[in-house]
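Here is a short briefing to read with the model open beside you. Please take a look at the sequence and the fold before going through the notes.

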Amino acid sequence: QLQLVESGGGFVQAGGSLRLSCAASGSTDSIVAIAWYRQAPGKNRVLVATINFSNDRTNYYGSVKGRFALSRDSAKNTVYLQMSSLEPEDTAVYYCNAVGADGRLLLGDRWGRGTQVTVSS
């Protein structure tokens, strides 16, 4: 069974940087892509970025374009989300999920604990 664990969050001042990790274990061969989401207080969870495992193509959504960057270490089954020029609006719990060959989230609604990112002004 596939498991994903997020880590690396913390408290940072505006303009600072953090690197989040999404470590996969179990049925990792089923992963086509990893997607990062975030959920700010009182708001819905939204898609932030994706990385495709076949070609390492990345996509970024919304205000994170140009500030966030995805990479992965296939040997460690880990995807990294490098976040730079952080803004208070980036404050949220960050989650990762895996995308399968049919385009669906492999974990479905079984979200992990996520990792909290807090950016102070």
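**Briefing on the chain**

Buried residues make up 40% of the chain's 121 residues, where buried means under 20% relative accessible area, exposed means over 50%, and partly exposed lies in between (1.4 Å probe, protein chains only). This is a predicted model, in which local features need pLDDT of at least 70, side-chain atom pairs count only at pLDDT 80 or more, and totals for chains, interfaces and linings use all residues. Residues are numbered from 1 along each chain as its sequence is written, and side-chain values use heavy atoms, with hydrogens and water left out.

**Overall build**

- The chain has 10 strands and 0 helices; here helices (H or I, at least four residues) and strands (E, at least two) are DSSP runs, numbered from the N terminus.
- Its radius of gyration is 14 Å, close to the 14 Å that the globule rule gives for 121 residues, so the chain is as compact as a globular protein of that length. The radius is taken over C-alpha atoms, and the rule is 2.2 Å times the number of residues to the power 0.38.
- Along the principal axes, the C-alpha trace spans about 40 × 25 × 25 Å.
- Of the contacts between residues at least 6 apart in sequence, 52% join residues at least 24 apart, a contact being heavy atoms within 4.5 Å.

**Surface and charge**

- The chain carries 12 positive and 9 negative charges, and their mean positions are 1 Å apart. Lys and Arg count as positive and Asp and Glu as negative, while His and the chain ends are not counted. Each charge is placed at NZ of Lys, CZ of Arg, CG of Asp or CD of Glu.

**The disulfide**

- A search of the whole structure finds 1 disulfide, defined as a pair of cysteine sulfur atoms within 2.5 Å.
- Cysteine 22 and cysteine 96 are the partners, with an S to S distance of 2.1 Å. Their link is right-handed, with 80° about the S-S bond.
- The pair links distant parts of the chain, 74 residues apart: cysteine 22 sits in strand S3 (residues 18–25) and cysteine 96 in strand S9 (residues 92–99).
- Cysteine 22 counts as buried because its relative accessibility is 1%, and cysteine 96 counts as buried at 1% too.

**Loops to look at**

- Asparagine 77 belongs to the loop between strand S7 (68–73) and strand S8 (78–83). Its phi is near 50°, a positive value in a residue other than glycine, and at 36% relative accessibility asparagine 77 is partly exposed.
- Serine 85, in the loop between S8 and S9, has a positive phi near 45° and is likewise a residue other than glycine. With a relative accessible area of 41%, serine 85 is partly exposed.
- Aspartate 29 lies in the loop between S3 and strand S4 (33–39) and is exposed at 78% relative accessibility. Its C-alpha atom is 9.4 Å from that of glycine 100, which is 71 residues apart from aspartate 29 along the chain.
- Glycine 66 is in the loop between strand S6 (58–60) and S7, and is exposed with a relative accessible area of 85%. The C-alpha atoms of glycine 66 and methionine 83 are separated by 9.6 Å, with the two residues 17 apart along the chain.
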